[in-house]
Amino acid sequence: MAIASPWPPPETFTFLNVTDSQGESEADFKLWGRTLDKAFAMFPDARFIVHNGDLTEDPANERGWDAFFRQAAKWLDRVPLMPVAGNHDEVPGQAERFASHFYVPDTGADGATPGTVYSFDYGYAHIIALNTESNLKRQTEWLRKDLKKNGKPWTIAAIHRPAYGGNQYEKIADWIEIFDEFGVNLVLQGHNHEYSRSYPLRDGEIVPEGQGKGTVYVVVNTAGPKFNVLKKDKFYHAVHTQPGKQTFAGITVGEHALTYAAFEVDGAKVDEFSLSR
């Protein structure tokens with residue numbers, strides 16, 4: 001299913017990536033709004049936003065949702081926001097309040113929490129949203145079927161708890177095997193409230209330069225008020241840092257190249273890399 005957009009997909013396009021806005025008060029969500037303001041100032045032609053989960057602190061608090069949308073209103077009336085369910089969105093095992101705020105493609109796994117698992121095509125990219133909070137095995141079956149049908153040159157997955165971040169969520173090991181099998185290029189992650197980017201990985205190891213393709217895993221820190229103490233570096237970390245400021249990324253996808261650039265809310269660059277095919 002193609003994403004709904006006010007513009008037709010161009011050959012090359014950019015989208016924004018953020019995570020863990022996770023506020024409670026209006027002041028908390030002003031940080032989220034300021035992050036989007038800077039992101040669109042730097043990437044004014046961004047076609048949509050992928051949010052890697054924990055949008056609010058408490059999904060049952062409608063005032064929090066009101067503040068979340070109010071601070072982003074000037075952008076969300078022109079670009080779609082594609083959400084991923086985090087552990088503060090599906091609580092405990094229930095995500096109806098979270099999902100009721102969004103309209104996402106009805107392409108997800110049977111038996112998964114409605115509104116939390118889906119995929120869509122845009123330009124040269126196939127983008128998959130998975131839910132790390134429940135029904136993992138059903139999603140594994142769906143993920144394999146979804147990727148078998150994928151004809152796009154670039155594949156991007158978005159999850160909340162990281163496969164490779166400041167730490168690893170071992171319950172999604174089956175997903176990592178499928179990412180390897182089908183050559184998923186990039187996995188966007190949240191949860192750890194720090195910035196981390198892996199080397200290209202395959203079979204749990206770094207892929208040496210010139211010896212084939214691997215999957216790059218990124219956690220884009222946080223777009224909200226909460227920062228975690230930087231965890232210990234792992235063997236897979238190419239970049240691992242705690243800027244202590246809200247962070248966002250612009251991801252540009254063309255037929256033969258994907259470029260990822262992350263920035264602090266004040267515009268300072270945190271990281272940049274490119275993938276080619």
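A pocket is an open set of grid points with protein on both sides within 12 Å along at least five of seven lines, and its lining residues are those with an atom within 4 Å of a point. The views below all show a predicted model.

**View 1. The second largest pocket and the residues around its centre.** This pocket holds about 220 Å³ of space, and its lining is made up of 18 residues. Asp-106, Pro-114, Gly-115, Thr-116 and Val-117 are the lining residues that lie nearest the centre. By residue class, the lining consists of ten nonpolar, six polar and two charged residues.

**View 2. The largest pocket, to which strand E15 gives four lining residues.** The volume of the largest pocket is about 350 Å³. Its lining counts 19 residues, and those nearest the centre are Pro-200, Lys-213, Gly-214, Ser-274 and Leu-275. Two elements, strand E8 (195-198) and E15, each give two or more residues to this lining, and of the contributors E15 gives the most. The lining residues divide into eight nonpolar, seven polar and four charged.

**View 3. The open sheet of six strands.** Its strands follow one another in the order E3-E2-E1-E13-E14-E15, and the pairing among them is mixed. Strand E3 (81-83) and strand E15 (269-276) each have a single partner strand, so one side of each of these edge strands is left without a neighbour in the sheet. On average, neighbouring strands of this sheet are turned by 20° against each other, with direction ignored.

View 4. Strand E14 (residues 257-264) and E15 run antiparallel and are joined by seven bridges. Within this pair, Thr-259 has Ser-274 of E15 as its bridge partner; Ser-274 is also one of the residues nearest the centre of the largest pocket. Helix H1 (residues 26-42) lies across strand E1 (13-18), strand E2 (49-51), E3, strand E13 (247-253) and E14, and it runs at about 35° to E13.

**View 5. The open sheet of seven strands.** Here the order is E4-E5-E6-E7-E11-E8-E12, again with mixed pairing. Strand E4 (118-122) and strand E12 (237-241) stand at the edges; because each has a single partner strand, one side of each is left without a neighbour in the sheet. From one strand to the next, the twist averages 15°.

**View 6. Strands E5 and E6, with helix H4 packed on the sheet.** Strand E5 (residues 125-129) and strand E6 (residues 154-158) run parallel, and five bridges join them. In this pair, Ala-129 stands opposite Ala-158 of E6. Helix H4 (residues 136-148) touches E4, E5 and E6, and the direction of H4 makes about 170° with that of E5.

**View 7. The contact between helices H4 and H5.** A pair of packed helices is described by two values, the angle between the axes and the distance between the axes. For H4 and helix H5 (residues 173-182), the angle is about 5° and the axes are 10 Å apart. Angles under 35 degrees count as roughly parallel, and H4 and H5 are therefore roughly parallel to each other. On the side of H4, the residues in contact are Leu-136, Lys-137, Gln-139, Thr-140, Leu-143, Arg-144, Leu-147 and Lys-148, which meet Asp-174, Trp-175, Ile-178, Phe-179, Glu-181 and Phe-182 in H5. Taken by class, the residues of this contact divide into seven nonpolar, two polar and five charged.

Terms used:
Residues are numbered from 1 along each chain as its sequence is written. This is a predicted model: local features need pLDDT of at least 70, side-chain atom pairs count only at pLDDT 80 or more; totals for chains, interfaces and linings use all residues. Side-chain values use heavy atoms; hydrogens and water are left out. Two strands pair if DSSP finds at least two bridges between them. Axes are lines fitted to C-alpha atoms, for helices over the stretch in contact, and angles run from 0 to 180 degrees between N-to-C directions. Contact means heavy atoms within 4.5 Å. On a 1 Å grid over the protein atoms alone, a cavity is a set of points where a 1.4 Å probe fits but cannot get out, and a pocket is an open set with protein on both sides within 12 Å along at least five of seven lines; lining residues have an atom within 4 Å of a point. Grid points are joined across faces, edges and corners, and a volume is the space filled by probe spheres set on the points. Ala, Val, Leu, Ile, Met, Phe, Trp, Tyr, Cys and Pro count as nonpolar, Asp, Glu, Lys and Arg as charged, and the others, Gly among them, as polar. Angles under 35 degrees count as roughly parallel, over 145 as roughly antiparallel, 65 to 115 as roughly perpendicular and the rest as oblique.
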